[in-house]
Every structure is written in structure tokens, then in C-alpha cells.
Amino acid sequence: MPPRSEEPRRDPTGSRRGSSRSTSGRGEPRAGEPGVGGISDARAYTPRGRTIREERGAVGRPSAGGAEQRRTPRSTRAGGDPFRPALQVLDGGRVGSTRAGRREGVPAGRSGVIRTVQARPARTPADDDDDAPPAPRRRPGPRRPERPAARRKPRRPRKPPRLADPRRRLRLGTLLVLVLFATIGIRLVFLQAIDTPAYAGGGLANRLTGVDLPAPRGAIYDRTGAPLANSVEARYVFADPTKVKDRPAAARALSPLLGLPASELAGRMKPRALENGIASQFEYLARGVDISTAKKIMALELAGIGVHRDERREVPGGDLAANLLGFTSQDMVGLEGLEARYDDLLRGEYGRRVYEAGQGDLGAPIPGGYSRTTPAKPGSSLELTILRDLQFKAQQVLKDQTDKAQGSVGAVVVLDAPTGEVLAQTSHPTYNAAKHEESAPTDREDAASSFVVDPGSIHKAITFGAALQEGVVTPDTALPIANTIRKGDTVFRDTHPANGQKMSLAGMLAYSSNVGTIEIADKLGRDRLIDYQKRFGLGQRTEEGMPGEASGRLLPADQWSGSSEGSVPIGHSVDATPLQMAAAYGAIANNGTYVQPHLIKEVINGKDGSRTPGKAPVTRSVLSPQNAAALRTLLQAVTTVDGATGLAAAVPGYQVAGKTGTGLRYVDGKQQPGEVGSFIGMAPADNPRFVVAVFVWSPEGGGGAVAAPAFREIMGFTLSRYRVPPSSAKPPKFEVFPR
């Protein structure tokens with residue numbers, strides 16, 4: 001049965017009482033205001049099928065009971081669920097009916113239900129509870145009687161929740177993104193700029209490939225720039241035993257090209273383990289192979305066989321100055337001679353290129369990858385004081401003369417007297433420096449600097465020079481000379497007896513009088529004699545530049561015996577080398593000034609070709625120029641007086657001053673059989689330019705017979721080579737036995 005319509009009660013002011021519910025906090029809209037969400041025509045069906053508009057039409061009309069019925073629909077808060085009315089219909093309208101009955105005085109037992117959806121009324125300033133949340137749904141049950149409106153306290157409207165500001169979220173999101181990208185950027189900067197070496201170097205070692213850049217060894221030239229020893233580009237042949245497939249076949253193919261037995265090559269190709277247990281992947285097969293031969297080997301395309309750049313030492317002259325030059329190993333390391341003495345100077349510093357490369361077939365350098373190159377530093381070169389053609393002539397003459405004495409050893413030294421430069425320094429026997437492995441160690445010795453002998457009578461010039469300088473004798477001194485003289489337990493004799501006659505100093509030198517020299521030494525005294533021996537350079541190395549140079553030995557005064565008074569003045573009990581004696585005669589030739597003999601003229605820088613003069617020679621005064629000139633004049637008697645010992649050394653057209661000698665050879669302190677014949681002279685005697693010393697040791701004697709002729713040939717060639725004009729004056733006349 002439809003609900004009864006009643007007229008709403010009015011308060012004394014004439015307003016509807018139901019309008020006061022707008023401030024009750026229930027959230028119901030007034031009649032005539034817009035509905036929720038702006039939908040004013042929303043329909044909510046009642047059980048009798050009447051719409052809200054029909055209900056509105058009935059408002060104000062009297063009902064059967066004479067009263068107006070009013071049903072105020074429940075309002076929804078702004079922003080509420082638009083589907084709520086439909087849900088109310090589904091749950092039977094219990095909530096709505098209960099509230100309506102209670103508010104309008106409908107008895108509880110009435111079951112009328114009204115569904116209303118009205119447009120939400122416009123909001124007035126006094127109506128500020130529209131945003132209040134909808135009242136909670138009540139469970140069915142007994143209803144409490146509604147309290148009068150006058151007694152109900154109005155609720156304080158709740159503050160609406162603050163909604164999120166989208167601009168704020170945008171700013172916060174932008175800030176977070178910027179921080180993220182800044183962090184990533186800073187990390188990238190660290191990785192690319194600061195931590196790059198650590199990360200890049202972690203695996204760099206596995207990608208690096210190193211290649212040695214050869215540094216050519218410096219050359220050795222003569223004083224004219226002609227090469228005596230130089231390096232040429234070559235190849236070495238190697239095998240990787242782990243890759244060689246057929247060793248016998250590979251060895252047979254390489255044997256004729258390398259000149260080595262196939263069995264030897266096959267043995268080098270055998271697999272072997274290194275000390276660390278890893279299989280060897282590199283074995284030399286040959287060094288210093290010609291480039292043309294290396295190309296033929298590569299054309300064979302043998303598995304595990306390869307070639308690489310190498311260097312080979314060449315000696316154009318073969319045995320020319322071989323005892324001076326020495327030789328190198330296959331690794332270009334000096335082993336003997338000047339090659340060994342100046343190895344640090346001649347040997348260059350290898351460069352190296354290290355770069356990143358791929359693996360396998362892509363083993364080429366990686367473009368833009370790591371690459372570092374250390375340039376090679378070529379070795380410096382030496383320019384010697386040696387004159388090549390004079391060296392050749394001296395070697396040839398020495399060989400021809402020493403061949404006359406079986407098993408002999410010889411040495412020749414040619415000095416430029418004013419400068420001390422060694423123009424030639426030869427030894428016999430000699431060897432081919434390019435094939436040094438075929439020679440005996442004794443053949444490779446430099447006899448001029450290592451041949452220790454008793455100089456014998458050539459030492460008498462030192463005794464006479466000291467006596468002249470000390471005023472013990474004068475050039476005109478003549479002494480009665482007996483045939484013998486005893487010193488200690490030794491009797492010394494002359495080969496040319498004077499029979500007690502007075503003999504001049506020139507005669508004593510011409511006939512090499514032992515007795516006369518000993519008597520002059522007695523007047524000089526042992527201390528002064530030893531002092532002059534040292535001044536002339538005996539007992540110490542000349543330091544000309546050869547390794548292994550012997551120093552010789554002088555007998556200290558406190559070790560002299562009775563016989564030493566006679567042996568030392570005539571050149572016995574004294575150890576000296578041919579080079580030392582040549583330098584001593586150089587002092588006589590150079591007006592009494594000793595000049596250190598030397599072999600190095602200039603050092604040529606391998607990088608820029610600049611030249612640096614060799615070390616300046618040591619000089620010292622030994623004799624006055626007058627006494628040196630007087631001694632040279634006396635020494636001319638050796639090559640001019642009838643029956644003198646050095647007539648075979650005379651050079652036609654030139655005045656020659658010199659002295660013969662016969663001594664002994666010692667090896668490791670032991671006297672050797674035979675004798676050492678020698679001749680040292682200078683020419684032109686009036687103004688000496690060159691000094692030539694010749695020493696020949698023969699186990700059977702006879703060295704003296706070949707020394708003087710060898711001197712004549714070598715000195716004659718030297719004077720002619722340097723175009724020294726012949727002497728204008730004739731040699732002086734000497735009186736051996738003055739009255």
C-alpha cells in the first residue's frame with residue numbers, strides 16, 4: 001500500500017522544517033538543487049514505479065488525509081559513487097527507508113520504501129557540509145527514536161583531505177631523474193678518465209705483442225775512413241719444434257742452403273722442454289744468413305720454419321788487422337780485440353715496439369689500440385789511427401820474414417813520433433776474423449801488446465839517454481873497455497872485444513858493448529836507472545786501447561843481486577812489450593818528450609754522425625831536446641859504422657837511427673827456448689817522423705837475422721807512403737876507438 005502523503009511541518013518562521021536538515025550533517029540535498037554529479041534527471045524507482053518527478057508533483061497537493069507527503073532523497077557527497085542509487089535498489093532500500101521513516105515520523109511498522117535521486121542543490125554559504133562523507137550503512141534492527149532537531153548539536157564540518165599536487169610530483173620526479181643521470185655521468189667520467197688505466201690494463205697484457213727493433217753495431221774504420229769491420233743486414237733461420245711436421249724432410253731441404261749437415265739440423269728441431277717445463281717454441285738453425293738464401297728458404301714453405309732479421313759482422317780485409325780488431329759473437333757481442341774493449345760503445349741499444357694485436361689470423365695491429373715504440377739507438381763507430389795499406393804492408397813483410405824462422409812469433413809497431421798515433425800494429429801468426437772459430441787462441445793474440453820479452457840490447461839506448469841527461473857522460477866521452485866484466489857470480493862479455501882500448505859512445509852502441517854499458521850504468525847508479533826506465537814508460541801499460549795489454553816488470557832496487565848490476569843495464573832482468581819499447585824510442589825521436597801511443601783517433605756518433613776526438617795522449621818530458629838529438633846521432637852509428645850490428649836496417653837515402661837487440665821470451669814467468677831478435681829505429685834521424693819496432697822470436701834462434709831486414713822494408717814503405725823527402729845531409733862519420 002502506498003505511503004501516506006503528509007504536508008511537511010513548518011516552523012514559526014514559515015520555512016520548512018525539513019530544510020533544517022541541510023545543516024544536520026546528514027549530507028542530504030535540498031529540493032530544487034542539482035543532483036549528484038550534475039545529473040538532475042537520474043531516476044530511482046519506488047516499489048510503485050513512481051519517479052522522482054512524479055513525487056515532486058505530488059508535493060504541495062493535499063493527500064487523502066489532507067496532509068502533504070514529502071520524501072527527501074538521500075544526498076551523496078560530492079565526488080561520491082554515481083552507482084550508489086542502483087546499489088540501494090539492489091539491497092531493498094533498507095537504509096533509505098529506515099532513515100526516512102525515522103526522520104518524517106513514519107511508524108516503524110510501515111514498510112513503505114522510496115528511492116529518490118535528485119539533482120544536487122546549489123551550495124549556499126550556509127551549507128558547507130556537502131563534502132562530508134556519506135553516513136555509514138546501518139544494520140537492520142530496532143530503531144532508536146529520533147531526537148528532536150532542536151536538541152541535536154550541529155557537527156563541525158570536517159576538512160576535506162588535501163589532494164596531491166601534480167606539479168609537485170612532476171618536480172620531484174624531474175629532480176630524481178636529474179640526480180640519476182648526474183650519478184651515471186659522474187661514474188662514466190671516472191671510468192673514462194680516472195679509472196681507465198686500471199680497467200684497460202686488466203687484460204692488456206694478453207693483447208700485447210712485442211717486436212725488437214734492431215740497432216746496427218758500429219763500424220771500425222781506418223784513419224782514411226775505409227771499413228776494417230762493419231755490420232750488414234742478414235737473416236737468421238729458426239724452427240718451432242712444436243709445429244715442425246716432418247723433421248727429416250725439413251732438415252734435408254735446408255741442409256744445402258745453410259751448409260749444415262741434415263743430422264745436425266734435425267737434432268735442433270727436436271722437441272725439448274725449457275727449464276719451466278714449457279715446450280720450446282724457438283730454436284736457432286743458422287745465423288747471419290744472406291738475404292737471398294733466406295728468400296729461398298721461405299719459398300719452401302716448411303711448417304715450423306721461419307726467418308727473421310739479423311745482423312752479420314763482416315771483415316773486408318779478412319786477416320787485415322785481425323789481431324787488433326778481434327771478433328764478435330753471433331749476438332753481436334765483442335769477444336776479443338777492440339770489439340771487446342769498446343763493446344759498450346760499438347753495440348747499439350735495441351728498440352722495441354709494443355702494440356695491441358689480434359689473435360690467430362687477425363694478428364695484425366689493432367687500429368687505434370695501444371702502441372708504444374722505443375726507437376733503436378745505433379752503435380757508435382771507431383776511426384782508428386791505423387792506415388790500412390801500411391798495415392797490410394807490415395803484415396806482409398812480417399809474414400815473409402818470420403816464415404824463414406820455423407815456429408816463430410813476430411810483432412811490428414809503426415808510430416807517428418810527434419803524435420804517438422799507431423799507424424800499424426801487426427802480429428804473426430794471424431787469423432781470419434770472419435772465421436775466428438777456425439783459428440787457435442794463440443793465433444788471435446796481439447803480440448805487440450802482450451808479447452813479454454827481455455828487450456836485450458835495445459834497452460841500452462835508455463841507459464845511454466839517462467847517462468847523458470844526468471851528465472854522467474857526454475857525446476864525446478870515451479872509456480877503456482875490457483873484454484869482460486864480472487858482476488856478482490856472472491861474467492859479461494862483448495861480441496866485439498875492445499881489448500882495453502878507449503871506445504867512444506858511438507862505438508859502444510855500434511858494436512853493442514855490454515861491458516861499456518855496464519860501466520856507464522855503474523856511474524849512473526841503480527836508482528837513477530830505474531827512475532829513467534819508468535820515465536820511458538817501462539813497467540806500466542801504455543793504455544793504447546787494446547785489452548789484455550801486459551804491463552811488463554821492472555826489478556826494484558832492493559831486489560837487485562850482484563849480477564843485476566850487470567844484467568839490468570843491458571836489458572836483462574827487465575820485462576817489456578814491443579809496444580812499450582817502441583814508445584820509449586818515440587820519446588827519443590820526439591826531442592825527448594814521451595807521447596802515449598794510442599789507437600783511437602775519433603769516435604763517430606751513431607745517431608747524428610758527430611765526431612769526437614779520442615782521448616788525448618799522456619805526454620811527459622824525459623830528455624832535453626839537446627840530449628835527445630845527441631842520442632839520435634849516436635844511434636846512427638848502428639846503421640853506418642863498418643861491422644855494426646844494424647847495417648841490414650839501413651834505408652837508402654835516409655838517415656836511420658836505431659838499435660838491435662837480442663833477448664829472451666818468458667811465458668807465465670818461465671823462460672822459453674830460443675831468442676828474441678829485435679830492431680827499433682827512427683827516420684829521418686835528423687828530424688824523425690816515424691818509429692818502427694820489429695820483434696821476432698824463434699825457438700831455434702835467428703830472429704835477429706830477420707828483424708833488421710823487416711825494419712828496412714817497412715820503414716822504406718812508410719817514408720814513401722807519406723812522401724817524406726830523403727835526407728839532404730849524409731850521415732856523420734864516427735870514430736869507434738878514438739886516440
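This briefing describes selected features of the structure above, grouped by topic. The model is predicted, and the values given here are computed from it. Across the whole structure there are 26 salt bridges, and a search for aromatic pairs finds eight.

**Sheet**

**Backbone details**

- The peptide bond that runs from His-428 to Pro-429 is cis, with omega near 5 degrees, and Pro-429 is placed in the loop between β10 (422-428) and α13 (447-450).
- Ala-683 and Pro-684 are also joined by a cis peptide bond, for which omega is about -15 degrees, and Pro-684 is found in the loop between β22 (675-683) and β23 (690-698).
- Ala-321 is not a glycine, yet it has a positive phi of about 55 degrees; Ala-321 lies in the loop between β5 (305-314) and α9 (322-325) and is buried, with a relative accessible area of 4%.
- Glu-543 likewise has a positive phi, of about 60 degrees, although it is not a glycine; this residue is found in the loop between α17 (526-535) and α18 (564-567), and at 45% relative accessibility Glu-543 counts as partly exposed.

**Aromatic pairs**

- A pair of aromatic rings is described by the distance of the centres and the angle of the planes.
- Phe-282 and Tyr-284 form an edge-to-face pair, with 4.9 Å from centre to centre and 80 degrees between the planes; Phe-282 is partly exposed at a relative accessible area of 35%, and Tyr-284 is partly exposed at 36%.
- Phe-327 and Tyr-431 form another pair that is edge-to-face, with 6.4 Å centre to centre and 85 degrees between the planes.
- Phe-327 lies in the loop between α9 and α10 (337-341), whereas Tyr-431 lies in the loop between β10 and α13, so this pair ties together parts of the chain that are 104 residues apart in sequence.
- Both partners are counted as buried, since Phe-327 has a relative accessible area of 6% and Tyr-431 has a relative accessibility of 4%, and the cut-off for buried is under 20%.
- Tyr-236, Phe-238, Phe-282 and Tyr-284 form one aromatic cluster.

- Side chains of opposite charge can pair when their charged atoms come close.
- Lys-377 and Glu-349 meet through their side chains in a salt bridge, at 3.9 Å from N to O; Lys-377 is in the loop between β7 and β8 (381-384) and Glu-349 in the loop between α11 (343-346) and β6, so that the pair links distant parts of the chain, 28 residues apart.
- Arg-689 forms a salt bridge with Asp-416, in which the closest N and O atoms are 3.8 Å apart; this pair also links distant parts of the chain, with Arg-689 in the loop between β22 and β23 and Asp-416 in strand β9 (residues 409-416), 273 residues apart.
- The two partners lie on either side of the cut-off for buried, which is under 20% relative accessible area: Arg-689 is partly exposed at 30%, whereas Asp-416 is buried at 8%.
- Glu-602 and Arg-611 meet in a salt bridge of 2.7 Å, N to O, and Arg-611 is partly exposed, with a relative accessible area of 47%.
- A network of salt bridges links Arg-217, Arg-313, Glu-339, Asp-343, Asp-344 and Arg-347.

Methods
Residues are numbered from 1 along each chain as its sequence is written. This is a predicted model: local features need pLDDT of at least 70, side-chain atom pairs count only at pLDDT 80 or more; totals for chains, interfaces and linings use all residues. Side-chain values use heavy atoms; hydrogens and water are left out. Helices (H or I, at least four residues) and strands (E, at least two) are DSSP runs, numbered from the N terminus. Buried means under 20% relative accessible area, exposed over 50%, partly exposed in between (1.4 Å probe, protein chains only). Rings of Phe, Tyr and Trp (its six-membered ring) pair if their centres lie within 6.5 Å; planes under 30 degrees apart count as stacked, over 60 as edge-to-face and the rest as tilted. A salt bridge is a side-chain nitrogen of Lys or Arg within 4 Å of a carboxyl oxygen of Asp or Glu.
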